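The sequence and structure come before the text.

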Amino acid sequence: MSKQMTRSVVDMTAGKPSLKIIQFAIPLLFSNLFQQLYNTVDSAIVGNYLGTKALAAVGAGFPVMVIVFSSFVGLGMASTIMVGTAVGARDRERVNLIISSVYRFSFYLIIPMTIASVFLTNPILRMLNVPDDGTLTMATQYLQVIFLGLFATIGYNTNMGFFQGLGDSVTSLKLLIFSTIVNISLDFLFVVIFSMGVMGAALATVVAQSLAWILGLIALNRHEYVRINLLRLDMDREILKEALRQGLPMAMQNALFSLGSMAMISLVNSFGHQFMAGFNSANKVDTFVFLPVQSLSNTMTTYTSQNVGARQLPRLRKGFKDGLVITLIACVALVAMTYPASAFLIRIFGDDPGMIESGLFYLHTVLPFYPLLALLFMFNAVLRGAGQAFMPMFTSLVSMIFIRVPSAYILASVKGKEFIFYSYGIGWFFGAILSGCFLAFGKWRPQLVAKLTEPQVDDDKAVLADKN
């Protein structure tokens, strides 16, 4: 491994847990920050140069993108956990086989999913009640270009998952900075100078992610555990079965989230394009507050998987407590700063009074409930890292489909449109209770304890001895 790559990797199995969590999470936070910076600048360019309808069109496409990407995201998250566990066990051969097997299986899926996504875009958007006043046409154009570049998006995000499992969040940050700079530059070129409309914004995304994917492959091959040749990918069926066992529940979780979001957006869209644009703009602001929660929960998944692989149960418990405290402090601090600045932040995306009003409805309602979201994500992060992928999926099913969506429609009919966003806090509350109870009292706990405390076989000792 090169010296630069060595400095990028964080070994979660040694050192003070809180410091390791922060060390890994900070580059991850900046990665997510640059991702959202791109999303925000992209929306600002679209909203200010193409208008409110174009902004609503781009926002309407998000849940459709999530549901298409969900199967790959689930597989990527599973491989992150499996790579992390193998790294904790110092099993180089298994790390390489996981990456190779996941890549090969992904290639089998990309072509049929690209074709299906392009042709189903318009019917799905019609199901979402996207207004046919020009918004529907622009949303269709935007998504079809994005889906034609599905190979780049999947390859780029798959690489990011591998880096996370390897304990390398710095390389992910460098690639994301590069992708963001290219994306924003091309946004100005295609949208402002060449007047390509929303198709230009989509094309900028595809080109930037294609370049970042290629650079990511080069960086992966610099790691001592990894040797990837896309023309000669090995497939280990047992590894693939394990990836599917863990990945399918996570894919279903993402799909459920997207279905719930589509139901929410359908409700929001029924109140007109101003309310719709305000909701989309507020979501961009809201996502920045969510960044520490997302980054720290992803860090906790990697931390958990590596320490499960290294069989360090006391360290796992200590790290979870430290991570939970850090996440709640960061979450409360950001909410306190964002709430009073809500109106100013919404105006970044336009000056339409109706849009600003609906955006404020969202932020002032949702932000106070963020500590509940932090608890939910941290509980689920530990469960995923320990290989318990079903419960996070179940809590998403309950909190989103059975609680948030029905609550939103009931509140809309009884109290009015400005009250529908209280459904977020209601769903997070019940989701956190379910995940917390399973984390504390589930049958998986004694099984994991037994696994981590049983004597290691000779092969494991040989691997550790070879490492030392």
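## Salt bridges

Arg-90 counts as buried because its relative accessibility is 11%; buried means under 20% relative accessible area, exposed over 50%, and partly exposed in between (1.4 Å probe, protein chains only). The model is predicted, with local features needing pLDDT of at least 70 and side-chain atom pairs counting only at pLDDT 80 or more, while totals for chains, interfaces and linings use all residues. Residues are numbered from 1 along each chain as its sequence is written, and side-chain values use heavy atoms, with hydrogens and water left out.

Arg-90 forms a salt bridge with Asp-11, a term that requires a side-chain nitrogen of Lys or Arg within 4 Å of a carboxyl oxygen of Asp or Glu. This pair links distant parts of the chain, 79 residues apart: Asp-11 is in the loop between helix 1 (3-8) and helix 2 (17-50), and Arg-90 is in the loop between helix 4 (62-88) and helix 5 (92-127). Helices are DSSP runs (H or I, at least four residues) numbered from the N terminus. Asp-11, at 26% relative accessibility, is partly exposed.

A search of the whole structure finds four salt bridges, among them these:

| Pair | Closest N to O distance |
|---|---|
| Asp-11 and Arg-90 | 3.0 Å |

Lys-241 and Glu-238 lie three residues apart in helix 10 (residues 237-269), about one turn of the helix, and both are exposed. In helix 12 (residues 313-338), Lys-318 and Asp-322 are four residues apart, also about one turn. Lys-318 is partly exposed at 40% relative accessibility, whereas Asp-322 is buried at 16%.

Technical notes
Helices (H or I, at least four residues) and strands (E, at least two) are DSSP runs, numbered from the N terminus.
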